[in-house]
Amino acid sequence: MKKRLLYLFMLICSVSLFTSCGDDDDDVKYPVDSELAGAYKGTMDVYYVGVSTPIASDMVQKVYISKASDTAVKLELKNFTIVAGSELLIGDITVDNCALTKSGDTYKFAGNQTLSLVVGSCNTSVSGTVGKNAVEMVIDVDVEGGMKVKVNYKGTKLSGSENSEAKITGFTIDNEVVTVAPIIDEEKSVITFKVNDEATADDLKALVPVVTVSEKATVTPASGVPQDFSGGKSVVYTVVSEDGTSKKYTVSIEGVQNIMRYSLDEWSEFDAGSSYDNYWTPKPAGFLATSNGGAKMLNGSSSAVKVGYPVMKETEGFNGGAAKLVTLDSRGHALGSLAPITSGSLFTGVFSLNMRAPLKSTKFGIAYDKEPKLFKGVYKYKAGTNYIDGSKKPVEEGLDVVDECSIAAVLYEAKDASGKDVTLTGVDINTSEYRVAEARLKDGTDKEAWTAFELTFEYFPDKVYDSTKEYKLAIVCSSSKEGDKFKGAANSTLIVDELEVVGE
């Protein structure tokens, strides 16, 4: 009896010990917080189940692993979007409980969950390995209705010190069809620019944006790669920061602008008649004119003194030909009392000689049906040394005044209140009540090298653009800014090229 009791006691102890060993599994604690939890940055390939070719490859994606329990992790893949030509937003992939099992020096995990995503209800399963600061996994998304997507993902754990900024800091397109440089609207994540109305579909297919981004970030498409903006297309740029944060920018053409452009490459010889020397005039005739018509009288074949012409073709311009404007001392001519100096003037409009009122000879402006935005071009200037004030009687010269050039564009109303045509001349181009806006060069001093200007049209007080009205636009360039008052320095020389007005 005692032996039986002893045997029974030993058996109970044995069972108790065995049970105690089994209970050790309940005390397992994996180093989730210290080793596994964190943000991971990596790439993923996306497939439709049953298709061997990925629909998207090497997509940069950030995933988050956090603690669900001592033996399980929670996995999150936020804002899962498939980019394959167009974008398909799936939603946030979250599996709350992925059981862990030790596998050498890493851990296997697996879990599944039914999710309500953008594309509908989905059965989602995930499996993979994590550890040693890396994660590899396969995510299967079975969308209710038939679509099945498989994702292969590999990523590395972030330290937390990586730069999280994902911004486009600069966006430029160096192409002459772009009239307004790209503008970045950070709040709306859009970038817009404008092109001229001469841009063809081929031009818009070959625009090459140069993109700069936040430090250590990457951008797709890459900087310097041609993009197609034809037919109203937009291009989506995705910036991914060093830590995997991403931001998308939509780039598009905001509008088309009208271009009034004068290259000044083509000139024609004007037949001044048998009594006067011929002179050159820029094309297109009827749009561009010069003060040469006024100087014609100073260059008669019978004249003892020939003054020359104040506007000439310059063969070596900034790009091809250019216009050379020179202020002439015309006092030695018999008609010098009417015009002691003749400044070189190039303008849009026509010249019609008025001997009784010389300033009315320059009829400025041509019809313009857009709202002007910019006046652009390039120029050189050298002031003459003998400043003459021909507005005084007798004429004064050798004055201590440094001459300056004048370059301006003026928008003015083409009709008065009664509907009568309005044309501004040298008398009132700078004072008329019909002026609406102007773009004027403020620095008219010497410029030895080619100097570019880009002037914004500024509206006069109480003036606005009204698309129901008719307007004229006058470009006026002069070698002496007060030439309309017969003031200027002899031999002041202005060379202008590539004049253009941008409007919309």
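Visitor: Where does S189 lie?
Guide: S189 lies in the loop between β10 (178–185) and β11 (190–196). Strands here are DSSP runs of E with at least two residues, helices are runs of H or I with at least four residues, and both are numbered from the N terminus. The model is predicted, so local features need pLDDT of at least 70 and side-chain atom pairs count only at pLDDT 80 or more, while totals for chains, interfaces and linings use all residues. Residues are numbered from 1 along each chain as its sequence is written, and side-chain values use heavy atoms, with hydrogens and water left out.

Visitor: Is S189 buried or exposed?
Guide: S189 is buried, at a relative accessible area of 17%. Buried means under 20% relative accessible area, exposed means over 50%, and partly exposed is in between (1.4 Å probe, protein chains only).

Visitor: What does S189 touch?
Guide: Leaving out residues up to four places away in sequence, S189 touches K247, K248, Y249 and T250. Contact means heavy atoms within 4.5 Å.

Visitor: Next, β36. How many of its residues are buried?
Guide: In strand β36 (residues 493–503), 11 of the 11 residues are buried, so the strand is largely enclosed by the rest of the structure.

Visitor: Which strands does β36 pair with?
Guide: Strand β26 (residues 372–382) pairs with β36 in the antiparallel sense over 9 bridges. Strand β15 (residues 246–262) is also an antiparallel partner, over 5 bridges, and strand β20 (residues 322–326) runs antiparallel to β36 with 4 bridges. Pairing requires that DSSP finds at least two bridges between the strands.

Visitor: Which residues face each other there?
Guide: P372 has G503 in β36 as its bridge partner. R261 is partnered by E500, and K324 stands opposite I495.

Visitor: Switching to the whole chain: how many helices and strands are there?
Guide: The protein chain has 4 helices and 36 strands. Its radius of gyration is 39 Å, well over the 23 Å that the globule rule gives for 504 residues, so the chain is more spread out than a compact globule. That radius is taken over C-alpha atoms, and the rule is 2.2 Å times the number of residues to the power 0.38.

Visitor: What box do the C-alpha atoms fill?
Guide: Along the principal axes, the box is roughly 155 × 50 × 40 Å.

Visitor: And what share of the residues is buried?
Guide: Of the 504 residues, 42% count as buried.
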